[in-house]
Amino acid sequence: MTYTFFTEGHCMGGFVPTGAQLIADPAPDVLPGQLVAVVLKETGPMRGLAQSLHGNSWLGVVKMFLGTTTTRAGRKAFMLGQLEPPIVLAVEEAHMAAMHLIVGVKETPWMLENTEEQDANLEAALDLMSPWMCGGATKPIGPNWRPVDIEAMVESAKQLENVDA
């Protein structure tokens, strides 16, 4: 079962259009170079980033999956990249609530087209990510995780108000 969410798209440069509505699927394996929806737990070294995301009402982030690696202590970690600015992030599996494959984009009326300069910057950023592609497909993390359906919660609250009236 897929789910949709909106993204500002800024951290993925022109790869994810600003205002896009992304479709994530928690079932398929993830391969290096694919986009993923990542939800971080508010634990360990990811705590600061997770709290800043949740504090801004963001469920998580969209990143490029670069592959898997093993830490010096022998723990599995996922290499994730963003394109604007080009950054590589290592996240231990224990600190992720979910990582699901982005399987599609729904166009929205406010999506913006890339300029030639944005396309050139995207190509340069993708090139900078290439040395970090470490391979290793992975199963999704938190396959049962789903975002809270705010619209359904509001509708339920309205129905309860009507019952109480």
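## Salt bridges and an aromatic pair

Arg-75 and Glu-92 join their side chains in a salt bridge, 3.0 Å from N to O. The model is a predicted one. This pair links distant parts of the chain: Arg-75 sits in the loop between β4 and β5, Glu-92 in strand β6 (residues 86-92), and 17 residues separate them. Arg-75 is partly exposed, at 43% relative accessible area. Glu-92 has 18% relative accessibility and counts as buried. The cut-off for buried is under 20%, so Glu-92 at 18% falls on the buried side.

How many salt bridges does the whole structure hold? A search finds two. The other one joins the side chains of Lys-139 and Asp-29, at 3.3 Å from N to O. Here too, distant parts of the chain are linked. Lys-139 lies in the loop between α2 (116-129) and α3 (150-164). Asp-29 lies in the loop between β2 (21-25) and β3 (35-40). Lys-139 is exposed, with 55% relative accessible area. Asp-29 is partly exposed, at 36%.

| Residue | Relative accessible area | Class |
|---|---|---|
| Arg-75 | 43% | partly exposed |
| Glu-92 | 18% | buried |
| Lys-139 | 55% | exposed |
| Asp-29 | 36% | partly exposed |

Next, the aromatic rings. The structure holds one aromatic pair. Phe-65 and Phe-78 form it, with 6.2 Å between ring centres and 50° between the planes. Which parts of the chain does the pair tie together? Phe-65 belongs to strand β4 (residues 61-70) and Phe-78 to strand β5 (residues 76-83), so the pair ties together parts 13 residues apart in sequence. Phe-65 and Phe-78 are both buried.

Now the chain as a whole. Its secondary structure comes to three helices and seven strands. Along the sequence, the pattern reads β-β-β-α-β-β-β-β-α-α. The protein chain has 165 residues, and 37% of them are buried. Take the contacts between residues at least 6 apart in sequence: 68% of these join residues at least 24 apart. The protein chain exposes about 9,600 Å². Carbon and sulfur atoms supply 55% of that area.

Key: Residues are numbered from 1 along each chain as its sequence is written. This is a predicted model: local features need pLDDT of at least 70, side-chain atom pairs count only at pLDDT 80 or more; totals for chains, interfaces and linings use all residues. Side-chain values use heavy atoms; hydrogens and water are left out. Rings of Phe, Tyr and Trp (its six-membered ring) pair if their centres lie within 6.5 Å; planes under 30 degrees apart count as stacked, over 60 as edge-to-face and the rest as tilted. Helices (H or I, at least four residues) and strands (E, at least two) are DSSP runs, numbered from the N terminus. Buried means under 20% relative accessible area, exposed over 50%, partly exposed in between (1.4 Å probe, protein chains only). A salt bridge is a side-chain nitrogen of Lys or Arg within 4 Å of a carboxyl oxygen of Asp or Glu. Contact means heavy atoms within 4.5 Å. Accessible areas come from the Shrake-Rupley method with a 1.4 Å probe; for residues, only the protein chains shown count as cover.
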